[in-house]
Amino acid sequence: PVAIDSALIAVESPLTLVPICSSGSCPNPSRYPGEPLLCTAPIKYQYANYSANYLHGGKGAIRFQLINQRSDFSFALLAGGLENPTLVAVSKQVAFKNPKAPVFPRLAQGKTHDEMTVTWTSGYDIGEAYPFVEWGVVASGGNPTRTPAGTLTFSRGSMCGTSYSYTERRLTGEPARTVGWRDPGFIHTAFMRGLWPNKEYFYKIGHELSDGTVVWGKSYTFRAPPTPGQNSLQRIIVFGDMGKAERDGSNEFANYQPGSLNTTDKLVEDLDNYDIVFHIGDLPYANGYLSQWDQFTAQVAPISAKKPYMVASGNHERDWPNSGGFFDVKDSGGECGVPAETMYYYPAENRANFWYKVDYGMFRFCVADSEHDWREGTPQYKFIEECLSTVDRKHQPWLIFAAHWVLGYSSNSWYADQGSFEEPEGRESLQKLWQRYRVDIAFFGHVHNYERTCPLYQSQCVTNERSNYSGTMNGIIFVVAGGGGSHLSSYTSAIPKWSVFRDKDYGFTKLTAFNHSSLLFEYKKSSDGKVYDSFTIHRDYRDVLGCVHDSCFPTTLAT
């Protein structure tokens with residue numbers, strides 16, 4: 001045994017730890033703090049000094065949990081940590097039996113209520129194997145249907161920023177094109193159409209090889225969505241900003257989502273008690289370290305394989321300077337939305353424009369893309385107004401708006417410092433639309449905590465009621481549900497009059513529609529799954545039609 005200061009064991013796939021970048025060839029650590037001084041970032045690592053504790057006994061052990069990421073794994077022992085690495089030893093490669101096998105299924109509702117999509121990852125290009133999903137009604141006795149899948153991928157060149165050259169031993173720019181790049185494999189999406197409302201279906205993803213044999217994924221079941229307007233029990237989960245974490249205790253880059261496993265595990269535990277999930281932005285916080293997308297899709301697969309997992313775009317998926325987004329910041333690490341737009345399906349007309357609507361029974365969800373301009377006169381503003389105005393409130397009384405950045409209200413400390421309690425230019429163009437079309441609840445993430453407002457219009461509470469709302473709703477309830485798992489955000493010390501409930505903790509929200517007249521809202525903590533805030537709405541169709549300030553167009557008497 002030899003004592004090595006700052007020793008770590010790094011998991012790498014494929015083996016590209018060598019060469020270790022020489023002086024001047026790696027990103028400037030003062031410019032990119034926390035980035036590894038290696039030509040490629042390891043998938044994860046543990047400090048042997050502490051984890052293995054070999055310094056005292058002369059031997060030690062570290063356990064790593066590996067997921068299938070389409071390549072063999074190697075383990076490297078490095079002295080000097082990631083800041084001044086010296087390669088000591090490299091293990092033999094560890095292989096999965098079939099690293100190309102299909103994994104991590106992700107359901108999503110299609111553009112119509114009778115369509116469910118399934119997306120998955122594999123190592124098979126379309127020229128190697130024929131991707132498909134086999135599906136049918138559970139216990140029907142009929143022959144299953146095989147539906148072909150489309151295949152997509154993306155290259156290093158599709159990432160934002162300056163390219164680099166190994167031959168010149170020069171690395172410049174952000175991690176997505178440099179130290180964080182990793183081949184994403186192939187992403188397949190199949191569409192299961194003509195579903196019977198509320199029927200239980202089974203499905204199994206697969207790839208047919210040239211010799212006729214099939215490489216299968218696991219078999220799963222899902223329940224088809226209800227018909228728009230259907231009067232039945234409907235339960236919906238909404239949260240943002242979850243991220244991912246390693247169950248084996250390893251470190252990884254962009255490693256600041258300590259509550260993500262709690263939220264994931266609580267949702268897995270409660271699978272039978274909800275129907276669809278909306279994750280409103282900031283998914284894995286990969287920030288340009290692309291191996292973390294596999295980590296995230298694997299972590300949420302127990303949920304997404306059985307429930308539609310609808311996503312929105314956040315700053316950590318999309319934002320990069322001069323990339324056509326609304327915010328000129330580097331939060332995506334150079335991803336520019338490419339992994340998010342490829343890894344997950346969402347029913348947008350243009351996948352580069354991350355806005356879409358979902359009709360789920362008595363609900364309509366209008367999901368906006370806060371990373372693109374939403375102000376009056378823009379294409380997104382036109383979409384938002386069309387989504388809000390075309391819903392049939394007699395049959396779909398519960399109208400929900402969702403976006404990532406806080407376009408409504410938040411008493412988060414940095415919004416309070418700006419004096420607006422919102423993302424600058426957030427609600428100015430949208431609040432009249434929300435009011436005119438009588439949005440019930442507007443959800444936002446980005447701020448890593450929970451907060452609920454009174455029913456509001458133009459910063460004023462329209463009622464003194466806090467928990468049981470009935471009759472005509474004169475304003476919109478705004479909810480920040482950004483406590484999915486990332487590091488928590490602080491509030492301003494002075495509590496605004498419109499702030500009904502605040503909680504600086506990890507959690508998620510749940511909507512339960514019992515019928516066309518009764519809605520229950522709940523906020524649950526990820527630590528115990530218990531309800532810490534709730535309210536109800538009880539009303540009839542006439543209450544939705546009732547005019548309130550700025551909600552009805554001018555009228556006149558008939559002659």
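1. Cysteine 454, by contrast, is buried, because its relative accessible area is 0%. The link of cysteine 454 and cysteine 461 is left-handed, with -85 degrees about the S-S bond.

2. The model is a predicted one, in which local features need pLDDT of at least 70 and side-chain atom pairs count only at pLDDT 80 or more, whereas totals for chains, interfaces and linings use all residues. Residues are numbered from 1 along each chain as its sequence is written, and side-chain values use heavy atoms, with hydrogens and water left out.

3. By the sulfur-distance rule the count comes to four disulfides. One of them joins cysteine 160 to cysteine 336, with an S to S distance of 1.6 Å, and this link is left-handed at -130 degrees about the S-S bond. The pair links distant parts of the chain, 176 residues apart, with cysteine 160 in the loop between β8 (145-152) and β9 (186-193) and cysteine 336 in the loop between α5 (315-318) and α6 (338-343). Cysteine 160 and cysteine 336 are both buried.

4. Another disulfide joins cysteine 366 to cysteine 387, at 2.1 Å from S to S, and is left-handed, with -95 degrees about the S-S bond. The pair links distant parts of the chain, cysteine 366 lying in strand β16 and cysteine 387 in helix α7, 21 residues apart. Cysteine 366 counts as buried because its relative accessibility is 1%, and cysteine 387 counts as buried because its relative accessibility is 1%.

5. An open sheet of seven strands has mixed pairing and the order β15-β16-β17-β18-β23-β19-β24; strands are DSSP runs of E of at least two residues and helices are runs of H or I of at least four, numbered from the N terminus, and two strands pair if DSSP finds at least two bridges between them. The edge strands, each pairing on one side only, are β15 (356-360) and β24 (499-503).

6. Within this sheet, strand β19 (residues 450-453) runs antiparallel to strand β23 (residues 477-481), and three bridges join them. Glutamate 451 stands opposite valine 480 in β23.

Methods. Disulfide = S-S within 2.5 Å. Buried < 20%, exposed > 50% of the residue type's maximum accessible area, 1.4 Å probe, protein only.
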